[in-house]
Amino acid sequence: MAELATIARPYAEALYKACTGKAGTDLNGACAWVDELAAIAANPQLRQLLDNPKVTAEQLFDVITGVAKAALPEMAHNFLRTLLDNGRVQVLPEIATQFRALVNQGNGSSDAVVYSAFPLDANALAELSATLQKRFARTLNLSVQTDESLIGGVRVVVGDEVLDTSVKARLEQMKAALTA
């Protein structure tokens with residue numbers, strides 16, 4: 001994976017510089033289309049198409065932009081053409097990860113995944129967000145995933161930090177205490 005990260009870094013940094021250097025560029029919008037392109041590039045069927053020597057870069061461009069849910073801006077078109085010309089479309093998921101990290105670093109925020117045993121309503125998520133931002137001392141971009149194995153409570157992952165207040169974690173702590 002270090003090789004993918006090494007290949008992706010210059011593309012992510014160049015895209016970040018292009019987005020921040022151009023007035024009126026919406027970084028969150030750029031994150032959205034980079035994430036969408038990354039999801040498309042991760043598709044196994046597209047990967048097969050990328051490996052086919054009979055398929056041209058223009059055909060690949062048409063397929064990828066045709067699959068995209070929303071119309072892509074000109075910057076996205078240029079970025080995708082650059083990746084196609086250099087044979088780097090398969091690195092798009094890693095580029096998206098590094099690009100989001102650069103955007104977060106510039107904003108002073110972090111991405112956080114909240115795993116919950118049950119779906120969270122808007123009020124509960126707003127309260128949790130305020131509490132977590134105090135706990136982690138930074139702005140958090142929350143995404144929620146349901147994980148029924150937690151039984152109750154939440155598990156929050158922010159980068160390499162984990163806050164686990166789930167019932168499952170408490171049961172594991174009790175088990176460890178009893179066997180020690």
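The crossing of α2 and α6 is left-handed, a label used when the near helix is turned anticlockwise from the far one by less than a right angle, with right-handed kept for clockwise. In this predicted model, local features need pLDDT of at least 70 and side-chain atom pairs count only at pLDDT 80 or more, while totals for chains, interfaces and linings use all residues. Residues are numbered from 1 along each chain as its sequence is written, and side-chain values use heavy atoms, with hydrogens and water left out.

Back to the helix pair: the axes of helix α2 (residues 27–41) and α6 come within 8 Å and cross at roughly 160 degrees. That makes α2 roughly antiparallel to α6, given that angles over 145 degrees count as roughly antiparallel, under 35 as roughly parallel, 65 to 115 as roughly perpendicular and the rest as oblique. The axes here are lines fitted to C-alpha atoms, for helices over the stretch in contact, and the angles run from 0 to 180 degrees between N-to-C directions. On the α2 side, the contact is made by L27, A30, C31, V34, D35, L37, A38 and A41; α6 brings in L92, P93, A96, F99, R100 and V103. Contact, throughout, means heavy atoms within 4.5 Å. Sorted by class, the α2 and α6 contact has twelve nonpolar, no polar and two charged residues. In that sorting Ala, Val, Leu, Ile, Met, Phe, Trp, Tyr, Cys and Pro are nonpolar, Asp, Glu, Lys and Arg are charged, and the others, Gly among them, are polar.

E36 also sits in helix α2, and at 19% relative accessibility it counts as buried. Buried means under 20% relative accessible area, exposed over 50% and partly exposed in between, using a 1.4 Å probe and protein chains only. Setting aside neighbours within four places in sequence, E36 is in contact with A68, K69 and A70.

Over in helix α6 (residues 92–107) there is N104, which counts as buried at 7% relative accessibility. Not counting residues up to four places away in sequence, N104 touches S109, S110, D111 and N141.

The crossing of α4 and α5 is right-handed. From α4, the residues A57, E58, L60, F61, I64 and T65 meet H77, L80, R81, L84 and D85 of α5. This contact of α4 with α5 splits into six nonpolar, two polar and three charged residues.

On to the strands. A112 lies in strand β1 (residues 109–116) and, at 1% relative accessibility, counts as buried. A112 and N141 are 29 residues apart in sequence but 5.8 Å apart in space, C-alpha to C-alpha. Leaving aside neighbours within four places in sequence, A112 is in contact with L140, N141, L142, S143, V156, V157 and V158.

Two loop residues have backbone angles worth a look. Most residues other than glycine have a negative phi. A137, though not a glycine, has a positive phi of about 55 degrees. Its place is in the loop between α7 (122–136) and β2 (139–146), and at 66% relative accessibility A137 counts as exposed. I151 has a positive phi too, near 70 degrees. I151 is found in the loop between β2 and β3 (154–158), and counts as partly exposed at 49% relative accessibility.

As for the whole chain, the secondary structure comes to eight helices and four strands, where helices (H or I, at least four residues) and strands (E, at least two) are DSSP runs, numbered from the N terminus. Along the sequence the pattern reads α-α-α-α-α-α-β-α-β-β-β-α. The protein has a radius of gyration of 20 Å, whereas a compact globule of 180 residues would come out near 16 Å; the radius is taken over C-alpha atoms, and the globule rule is 2.2 Å times the number of residues to the power 0.38. Taken along the principal axes, the C-alpha atoms fill a box of roughly 60 × 40 × 30 Å. Buried residues make up 32% of the 180 residues. Among contacts with a separation of 6 or more, 67% join residues 24 or more positions apart.
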